[in-house]
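Hi there,

Here is the structure I promised to pass on.

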Amino acid sequence: MIPRLRPSLGAREFVSAFLARYSLEDFESAFADLAGQTEAIAFPYGRTGLLLLLEALGLKGREIILPSYTCVVVAHAIVLSGNQPVFIDSASDNFNMDLDLAEARIGEQTGALIATSIHGYPVDLDRLDAIRNRHPDVVVIQDCAHGFMSQWNGHPVQKHGRAAIFGLNVSKLMTSIFGGMVTTDDCELAARLRELRAARLSQSSRFRDMKQVIYLTAASAALHPLGFSLVNRMIKTGALDRFVKYYDEGKIDMPADYLATLGRAAASVGYAQCGRYDEIVAARRRISATYDRLLSGSPHIQPAPLVDGATYSHYVARVKDPVSLVAKASTKGVELGRVIDYCVPDFAAYRGMVPDTADFPRTRQLNSEIVNLPLSVSEAEAERVADVVRACLHAS
Ligand SMILES: *Cc1c(COP(=O)(O)O)cnc(C)c1O
């Protein structure tokens, strides 16, 4: 089976993790260098970083604008920080939030706007900076959990706001097993965030560290056919629920360890990954171009857009019936993904928070059409994936 996700890990990551070779500070400083920012502050999850960032910014009882087409945990962090999410539909011509709709929703109560470079496609910084100029009191937070230093016309997205957040679990473009990061060029904000972190987070134990290393090993064992079936069986029996159950539609909550400091093993993996960033992004761009070449011209699939500065956290094609495509491809040894197949304000837990007048037709359209092709693959595997996808679509 060609897996839909495969963390780009080498011996360096495993050796560093087992020896717990690097500290949290080593990881933070390597990450800050990578982002070209003065400060990087590490957390156990991206959502923990966002939660404490909102608190450090003094935002409470305010409205926070965010996309309806994003990871649900972002909305969870907003609610648990004592603020109110305001969801905005997707743009008509790309996967990101419609910035005109977002600006129209800015009012007295607005505390912040979360701009997300979803699937690694850079936020339109020309339009965003115009909004920042017209509304200087609204804090802009960049959600770079998919973007990872994506660039808009050569400008790094993460620097265009008060701060940026990153998620670093194994499904992300780069990983520290779990983990999240907040970057900023504002030293005072960084100092407040570090104080909050020291006050609220508990120390990680060596036991938790080792559990994470075992999990990393299992996750990358999915690379091999044997590991893949083992991990799949563990998912089916519920043994990995703690790791793979990302959300529950009816609940707004956080994982049990969301206030535990990122451990040394995780920090060591993250540190090693910083050195691999260029290689990871170059490979994703190359495979995206390969899929584009192999799928262009088919009437049954719209290949992912190729955009300068995009980092391709996912390769997102659009088809009429993605659910049946995923099922058919899996019988032919290709695992496809469906990120993001939900519209956050449609979740039961959020229904009461969304005004009746709000509507999200473009997000729902994306939800019903998107399908991800595996990106951590060789050229030969990419050709095989494209062949299988084309065969499945023609057969239908
Ligand atoms: C993964 C992700 C986050 C943060 O996720 P954590 O699991 O909390 O680390 C934030 N935003 C988006 C868009 C994401 O995909």
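Let me begin with β2 and β4, which pair in the parallel sense over 3 bridges; two strands count as paired if DSSP finds at least two bridges between them. Helices (H or I, at least four residues) and strands (E, at least two) are DSSP runs, numbered from the N terminus. This is a predicted model, in which local features need pLDDT of at least 70 and side-chain atom pairs count only at pLDDT 80 or more, while totals for chains, interfaces and linings use all residues. Residues are numbered from 1 along each chain as its sequence is written, and side-chain values use heavy atoms, leaving out hydrogens and water.

Glu63 is a handy landmark: Thr110 in β4 stands opposite Glu63, and Gln84 is the bridge partner of Glu63 in β3. β2 and β3 run parallel, joined by 5 bridges.

Now for the whole sheet. It is open and mixed in its pairing, with 7 strands in the order β1-β9-β8-β5-β4-β2-β3. β1 (39–43) and β3 (84–88) stand at the edges with a single partner strand each, so one side of each has no neighbour in the sheet. The partner of β1 is strand β9 (residues 180–184), paired in the antiparallel sense over 5 bridges. There, Ala42 stands opposite Met181 in β9.
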